[in-house]
Structures are given as C-alpha cells and as structure tokens.
Amino acid sequence: MREAHVYLGVAILVALVPLVGPDPYTVHVLTLCLLYAALSSSWNLVSGYAGLFSFGHQAFFGLGAYVSALLAMKAGVAPWLGLVIGGGAAGAAGLLIALPCLGLRAPPYVAIATLGFAEICRFITMNLVGLTRGELGLGGIPEMPAVHLPLFGTLSFGARGLPYFYLILVIYVGVMAVLYRLVRSPLGLALKAVRDSQDAAESLGVNVKRTKLIVFGLSSVIAGVTGAFYAHYVLILTPSSVFSVPIMVEIVAMTLIGGLGTFVGPSVGAFAVTLLLEYLRVLGDYRLLIYGTLLIVLILLMPAGVVRRILGQRVS
Amino acid sequence: MTGALIVEQLFNGLVSGAIYALMASGLSLIWGTLKMLNFAHGEFYMLGGYGVYLGLTLGGLSPLVAVPLAVLGAALVGMLVERLIIHRLLDKPGWDESPVIATLGVSILLQNLVLHILGERFQNVPYYVEGGLSVYGMRMAWQRVLIVAAAIVVVAATVAVLKSTRWGMAVRATAQDRDSAMLAGINVYAVYLWTFGVTAALAALAGAMLSPIYSVNPWMGTALLLKAFIVCVVGGLGSLGGAILGGILLGTAESLTVLLWASEWKDVVAFLILILVLWFRPAGLMGSRQW
C-alpha cells in the first residue's frame with residue numbers, strides 16, 4: 001500500500017501546481033501532460049503488459065474524439081455522456097481489430113496490422129467530407145457543460161481553463177487506479193505470464209485469447225475517453241490532428257523513454273516529452289531537429305527507460 | 001473505358017509495385033537479420049531523391065553518374081546509422097523495442113536536417129529520358145519503363161547475391177540462427193553493418209528512380225514507408241519473394257481502385273487488403289509460421 005500513498009501524494013501535488021502559478025499557458029501544458037500520461041499508460045497496458053505491440057492506438061483516441069464531437073454537434077448529446085459513448089465506441093473498435101491480431105505471434109505483424117487499421121480510420125474520416133468536413137476540420141464542438149459540485153460550487157468550463165485541468169486529473173487518477181488494481185489482480189498476473197511465455201501460460205490454463213481481448217478492449221476504452229476529452233477541450237478536430245502517425249510516435253516515445261512495462265514509466269515519459277516539446281518552442285525551426293536528436297541520445301543512454309535506469313532492472 | 005486505358009493503368013500499377021518491392025525487400029532483409037523494424041527506411045528513399053536532385057540540377061551531372069552517387073551516399077548514411085546507433089543498442093536490455101524509438105529519432109532528425117539545409121519547397125527533377133513508348137495506342141513514358149527495368153535488375157541481383165555469394169550465405173545464416181552463425185565464425189556485426197548499407201541503397205535507388213515522376217520533398221518517405229510495411233507483412237516478413245509478390249499485388253490493387261472507384265479510396269483498399277490477408281494468413285502470403 002505504501003506505493004499507492006506515493007502516487008496519491010504525487011497526484012495531490014500536481015493538483016496544487018496550477019494554484020501556485022495560475023498562468024494559463026502552464027495550465028494548458030500540464031493538461032496536455034496528463035492527457036498524454038493517461039493515453040501512454042493505456043498503450044503501456046497493451047504493449048508493455050500484454051506484449052501486443054500495437055502501433056494503432058491513435059485510432060481509438062481519434063474515434064473517441066470524433067464520436068463524442070459528432071454526437072454533441074449532430075444529436076445534441078451532452079459531452080459528459082460523450083466521454084462514455086466515445087470510450088465505448090473506441091472499446092468496440094478495439095475488440096474488432098484485436099480479433100484478427102490475436103492469431104499473430106510476431107510483434108511486427110501486430111504493429112503493422114493495428115497501424116493499418118488506424119490509417120483506414122484516418123482515410124475514412126478524411127474522405128467522408130459531408131459528415132466530418134475532412135481536412136477542413138470539424139469546428140464548433142461544444143465545450144463541457146458546467147457542473148454543480150456540492151463543495152466547490154459551480155464549475156464552468158471556459159476556454160481551456162482550470163476546470164479542464166481538474167477534469168483530466170480526475171480521468172488520469174481514475175485510469176491509474178484501474179490499472180493499479182488490474183496489474184495486481186489475477187488477470188494482471190495472467191497477463192505477465194502471457195508476456196513472459198505464451199506457451200507456458202497457456203499450458204498452465206491461462207486463457208490467452210480472452211486475457212488479451214479484455215486488455216485490448218480496456219486500453220481502447222481509455223484511449224477513447226481521453227480522445228473525447230481532447231475533442232471538447234481543443235474544440236476543433238482534423239483527421240491529421242487525432243488519427244495520424246505522429247501521435248503514435250509520441251505515445252511510443254513517451255512510454256519507451258519512461259519505461260515500457262513499468263507502472264509509472266509512461267507518466268514520467270509523458271511529462272518529460274510534453275514539457276520538452278513545449279519548451280523547445282523557443283528554438284523555433286530547430287525544435288524538431290533537437291527533438292529527434294534527443295530521442296536518439298535518450299534511448300542510447302537508457303535503452304530500457306528512465307524508470308528502470310533509476311529503480312533497477314527488475315521493476316515492473 | 002477502353003482496353004488501352006486499362007492496360008495503361010495496370011502498367012502504372014506495376015511501376016508502383018516495383019517501387020514497393022524495392023522498399024519492402026530492404027525492410028524485410030533488416031527484419032530477417034536484425035529482427036527489428038526500421039522506421040527510418042523512408043528517409044533513405046528521401047535521401048536518394050535529394051541526392052539525384054542535387055547531382056542533376058546543382059552538379060549538372062548525367063543521371064548515369066548522379067544515380068549511383070546518390071545511392072552510394074545513402075548507403076553510407078545507412079551504415080553510419082547502424083554503427084553509431086543500432087550497434088550500441090544490440091544485446092542491451094530493451095532491444096526488442098529500443099530500435100523503434102532510435103529509428104523514429106533518426107527519421108525525425110533526417111527529415112528536419114534536409115528541411116533546414118534544402119528548404120521545404122517541393123523540387124522537381126527532370127526525366128532521365130524524354131519521350132515514351134507507344135504500342136497500340138497505349139503510351140508509357142520511358143522513365144516508367146526504366147523504373148520497372150531497374151527494379152527487376154536490382155532485385156534479381158540482390159536475390160542472386162543472397163543465394164550464391166559467401167556474403168549472401170552469411171546473411172542468410174545470420175537470419176536463420178544468429179548464435180549458430182557466430183559459432184560458425186561469421187562476423188554477424190559486419191553482416192548487420194552491410195545489411196544496413198545494402199537496404200539503404202535499395203531504398204535510395206527507389207527514391208532516385210521515382211523522383212522525376214513525383215517531386216522531392218523532406219517528407220516523401222513517410223507515406224511510402226507505411227505502404228512498404230504493408231507489402232512486407234502481406235508478402236510475409238523476412239521473405240524476399242513475398243516482398244516482390246506483395247509489392248506487385250498492392251500496386252495492381254491500387255491502380256484498379258483508381259480505375260474502378262476513386263483515387264482517394266486507394267489507400268483504404270490497400271490497408272483493407274493488409275487486414276484481410278492477416279486475418280486469413282497470419283504469417284503473410286509467403287511467410288513461414290515461426291514469425
């Protein structure tokens with residue numbers, strides 16, 4: 001339980017940060033950090049714990065975003081419900097694509113099959129101009145409606161303000177709590193067994209297919225919820241902003257730099273990479289040049305990630 | 001729709017297929033020997049295109065000199081990447097995934113390096129040979145015929161080298177079983193280095209040949225890399241025959257989609273083929289079960 005206290009403490013500290021320096025830009029950057037932390041952690045569940053190296057996680061993020069945004073705009077569904085439906089739609093899509101992937105044993109096949117699925121989603125969103133307006137962008141997405149909380153009073157979501165930060169913090173803490181329990185549950189142990197040796201796990205009676213399906217579905221749900229949050233946060237979507245490969249590259253970079261298959265690694269990586277990318281903006285045109293170089297240097301120095309470098313090889 | 005139009009489209013599909021096969025055979029060779037995915041492969045294609053652009057327009061060289069120079073230059077960059085980065089990650093913890101980030105980093109670095117030095121403008125490269133072939137009312141530009149011919153010659157040469165030279169045998173031994181290859185006295189680290197050089201050269205050749213048809217720009221490798229990955233997997237990763245078959249299959253399917261439907265849906269068809277093939281043949285068309 002001591003570990004759990006540490007996480008709780010960190011979460012409270014993060015929650016207090018915007019109160020100390022309520023500069024809107026800092027709040028925005030921290031919101032992005034938490035969003036990517038939740039997204040990377042959900043990807044880590046599939047690739048780090050279940051050993052299914054998916055390269056199409058952006059599909060579920062984008063589906064959650066577009067489903068929630070379109071429902072709110074065309075059917076007047078409340079964005080709060082949109083978070084749930086967006087997550088559900090992404091989860092259903094996750095199960096759909098996981099099915100053909102389960103027969104694939106080699107990591108590259110899973111990576112490329114999921115990447116292909118994500119690209120299909122991107123092209124369909126791009127081509128259905130009547131519904132999504134394609135690359136012109138889907139604008140005018142409604143903000144999160146105000147909520148009345150008993151202790152805090154009314155929380156109204158203005159343009160990218162503090163309430164969004166607290167909402168993503170709640171989502172992030174919820175995601176981490178679910179993952180924390182899952183990793184320590186019998187299912188989590190089965191997962192580790194499958195990752196270490198699929199044959200051995202199968203011979204001991206682990207239902208490999210069912211385990212992988214549950215995990216893939218859950219991970220897609222989380223990605224969908226963060227996507228739906230993103231839609232009602234930035235208020236404009238384009239296929240290339242939510243479905244494109246660069247998002248996947250960032251998720252992979254964050255998770256691997258933090259530490260694949262470690263509980264806190266993806267969060268550490270998400271904060272590191274997001275802050276790096278944001279504050280490298282001062283370098284102007286040289287930003288991506290430095291970013292590429294830093295990725296290479298970091299992976300050369302810590303091929304198994306920051307967390308393992310600090311806490312030792314056996315951390316999980 | 002006339003017969004000539006259909007044959008023309010099929011020929012264009014063959015041209016794309018030849019390029020896909022060149023790219024995919026490189027990815028497949030790297031997977032075969034190093035068991036890693038090279039996300040920087042598209043950038044060697046881009047370097048090939050820019051190499052030829054620089055040689056032809058700034059250097060005033062003939063294509064006969066510019067193309068080999070561009071290919072050689074990209075091969076050197078590929079070997080440098082292997083020696084400076086990939087070699088240092090080998091056998092370390094995290095090797096299963098660390099090359100993904102390393103090669104993604106190389107890809108971002110090379111794209112932005114070229115962007116800085118040469119600018120973001122799309123640059124045109126003149127055709128190597130003007131004019132075209134005209135048979136029964138069908139027109140095929142010589143440049144396209146040249147692409148197919150070059151791809152056939154180079155892929156055939158690669159297969160021959162792999163099958164019958166000592167170096168080729170060393171590569172195949174390393175791919176089959178690295179430890180046994182080392183025990184037999186094969187310097188697998190040299191094999192890795194040369195594999196990177198050769199595959200970068202194949203990608204650069206594809207870029208050099210195709211650059212007169214599409215213009216060159218720093219991001220030209222990205223979309224093609226995705227296609228090359230599909231081709232590899234559809235054909236069966238690690239299988240050269242699979243890469244060739246997959247390349248031609250995908251090129252033809254794309255041109256048929258353009259002909260019968262609309263060009264904006266050709267990528268959707270490409271990715272659907274990928275998922276269907278994997279559903280029914282999880283190891284790809286010509287892949288072995290072990291992967």
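What share of the contacts in chain B between residues at least 6 apart in sequence join residues at least 24 apart? The share is 73%. The legends below describe views of a predicted model.

**Figure 1. Chain B as a whole.** The secondary structure of chain B consists of eleven helices and two strands. Read from the N terminus, the order of the elements is α-α-α-α-β-β-α-α-α-α-α-α-α. The C-alpha atoms occupy a box of roughly 60 × 50 × 35 Å along the principal axes. A compact globule of 291 residues would have a radius of gyration near 19 Å, and chain B, at 19 Å, therefore agrees with that expectation. Of the 291 residues in chain B, 52% are buried.

**Figure 2. The hairpin of chain B.** Strand S1 (residues 132-135) and strand S2 (residues 138-141) of chain B are paired antiparallel, with four bridges. B:Val135 has B:Met138 in S2(B) as its bridge partner. Two residues separate S1(B) and S2(B) in this hairpin. In the turn, B:Tyr136 has a positive phi of about 50 degrees.

**Figure 3. The contact of chain A with chain B.** Chain A contributes 36 residues to the contact and chain B contributes 38 residues. On the side of chain A that touches chain B, the elements giving two or more residues are helix H5 (107-127), helix H12 (245-258) and helix H14 (287-301) of chain A. H5(A) gives the most, with 13 residues. By class, this side of chain A has 27 nonpolar, seven polar and two charged residues.

**Figure 4. Confidence of the prediction.** The average pLDDT of chain B is 87, and 98% of the residues score at least 70. For the complex, the predictor gives an ipTM of 0.85 and a pTM of 0.87.

Notes: Residues are numbered from 1 along each chain as its sequence is written. Chains are lettered from A and ligands numbered from 1 in the order in which they are written. This is a predicted model: local features need pLDDT of at least 70, side-chain atom pairs count only at pLDDT 80 or more; totals for chains, interfaces and linings use all residues. Two residues are in contact if their C-beta atoms, placed from the backbone, lie within 7 Å. Ala, Val, Leu, Ile, Met, Phe, Trp, Tyr, Cys and Pro count as nonpolar, Asp, Glu, Lys and Arg as charged, and the others, Gly among them, as polar. pLDDT is the predictor's confidence in each residue, from 0 to 100. Two strands pair if DSSP finds at least two bridges between them. The radius of gyration is taken over C-alpha atoms; the globule rule is 2.2 Å times the number of residues to the power 0.38. A residue is buried if 20 or more other C-beta atoms lie within 10 Å of its own, exposed if 12 or fewer, and partly exposed in between; C-beta atoms are placed from the backbone.
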